[in-house]
Amino acid sequence: MDEAMRNLKICIIGAGMGGLTCALALAKQGFENIEVYESASNLGFVGAGIQLAPNMARVLDRLGVWKSIEREAVVLRSTSIRQGATNGELANVELDYIKETYGYAHSVGHRSNLAASIYQGCTREPHINFVFSTTVTDVDTLSTKPSFNALQRGKSEPYHVTCDVLLAADGVKSTARVAMLDALKESATVQDTGQAAYRIMLTREQMAPDPELLDLINSERVIRWIGAKRHIIAYPVQSHEIYNLSTTQPDVNFAAVPSATYTTKGSKPAMLNVFADFCPMVQKMLHLVPEGEV
């Protein structure tokens, strides 16, 4: 790579999974002028479980961050699909063949560990600069050199940023995407799917008194309980210290979610009602969720 290419100014909007990985990959390729703009004041990572497929592990290993993620990940040995109402197994797939076939196992982990490990990888690269507490506005993507305004928290006036390459990694509600589509006179309106999800994390301490639930968190298995227009997927993460559950169901309770986010607090009675016809094992787990954490 010649010097002109190395010195291209590359700006990335958003320091989530995509933005962090993009920055790290560019640095590994030899680019030396990378800036990442993030509206949050720091990366106090939150979130729930995430599946770590072999192709993801291979890329993260190549970027030098997989080992720290792998230490807390849980390797899945099987996946079970069950009828929600009865817990009767409909199908089971053994997963040991995945590592033999692709070189990496199919694992699951916690999003916070994944993101923190990638971020730590970025901090080891001298050519990645993070700009926190800064909101990006007035994005111009169609000029010869893309640009935007950056407003730091606590400041009254933004400053203008011009770059050679602008990469938008600012999520589903991307301001850069909206600006680009508006400039092209295309619709940038988010289309609501009519679906919502509960994200639930139960601790080992919560599940330990019940042998049936303890078996779940000790397992190396992902389970999908399915019902009419609803399902729950669940698996252990964080070295078997947390049991992650994620649901999908028609959205009848979250229509008033603020437009700035897709996350809001829910009602425990409403959640229990949505899955009232699911089996006793599922009911026991849902009842363990504290009221303020739905």
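1. Two strands pair if DSSP finds at least two bridges between them. Strands (E, at least two residues) and helices (H or I, at least four) are DSSP runs, numbered from the N terminus. Strand S4 (residues 74–75) and S7 pair in the antiparallel sense, over two bridges. In this pairing, valine 74 stands opposite valine 108 in S7.

2. A word on the basis of this note. This is a predicted model: local features need pLDDT of at least 70, side-chain atom pairs count only at pLDDT 80 or more, and totals for chains, interfaces and linings use all residues. Residues are numbered from 1 along each chain as its sequence is written, and side-chain values use heavy atoms, with hydrogens and water left out.

3. Strand S7 also has a partner in strand S3 (residues 49–52). That pairing is antiparallel and runs over four bridges. Leucine 52 stands opposite serine 107 in S7.

4. Which residues of S7 lie on each side, and are they buried or exposed? Strand S7 spans residues 107–110. Ser107 and Gly109 are on one side, Val108 and His110 on the other, and all are buried. Buried means under 20% relative accessible area, exposed over 50%, and partly exposed in between (1.4 Å probe, protein chains only).

5. Next, the aromatic rings. The structure holds five aromatic pairs. Rings of Phe, Tyr and Trp (its six-membered ring) pair if their centres lie within 6.5 Å; planes under 30 degrees apart count as stacked, over 60 as edge-to-face and the rest as tilted. Tyrosine 119 and phenylalanine 130 form one of these pairs, edge-to-face, at 5.1 Å centre to centre with 70° between the planes. Tyrosine 119 lies in helix H6 (residues 111–123) and phenylalanine 130 in strand S8 (residues 128–131), so the pair ties together parts that are eleven residues apart in sequence.

6. Phenylalanine 130 has a second ring partner, phenylalanine 132. This pair is stacked: 5.6 Å centre to centre, 5° between the planes. Tyr119, Phe130 and Phe132 form one aromatic cluster. How is the cluster placed? Tyrosine 119 is buried. Phenylalanine 130 counts as buried because its relative accessibility is 16%. Phenylalanine 132 is at 21%, so it counts as partly exposed.

7. Which residues make the nonpolar surface patch of about 240 Å²? They are Ile81, Leu90 and Ile226. Patches are made of residues with over 30% relative accessible area and no salt bridge: like charges are joined within 9 Å, nonpolar side chains (Val, Leu, Ile, Met, Phe, Trp, Tyr) within 5 Å. Accessible areas come from the Shrake-Rupley method with a 1.4 Å probe; for residues, only the protein chains shown count as cover. Isoleucine 81 sits in strand S5 (residues 78–83). Its relative accessible area is 31%, so isoleucine 81 is partly exposed.

8. Serine 78 is also found in strand S5. Serine 78 is buried, because its relative accessible area is 9%. Leaving aside neighbours within four places in sequence, serine 78 is in contact (heavy atoms within 4.5 Å) with Asn92, Val93, Glu94, Leu95, Glu220, Arg221 and Val222.

9. Now the charged side chains. The structure holds eleven salt bridges. A salt bridge is a side-chain nitrogen of Lys or Arg within 4 Å of a carboxyl oxygen of Asp or Glu. Aspartate 96 bridges to arginine 77, with the closest N and O atoms 3.4 Å apart. Aspartate 96 is in the loop between S6 and helix H5 (97–102), arginine 77 in the loop between S4 and S5, 19 residues apart.

10. Glutamate 220 also forms a salt bridge with arginine 77, its closest N and O atoms being 3.4 Å apart. This pair links positions 143 residues apart: glutamate 220 lies in the loop between helix H9 (211–218) and strand S15 (221–227). Arg77, Asp96 and Glu220 are linked in a network of salt bridges. Arginine 77 is partly exposed, at 37%. Aspartate 96 is partly exposed, at 40%, and glutamate 220 is partly exposed, at 33%.

11. Glutamate 212 and lysine 284 meet in a salt bridge of 2.6 Å, N to O. Glutamate 212 is in helix H9 and lysine 284 in helix H11 (residues 280–288), 72 residues apart.
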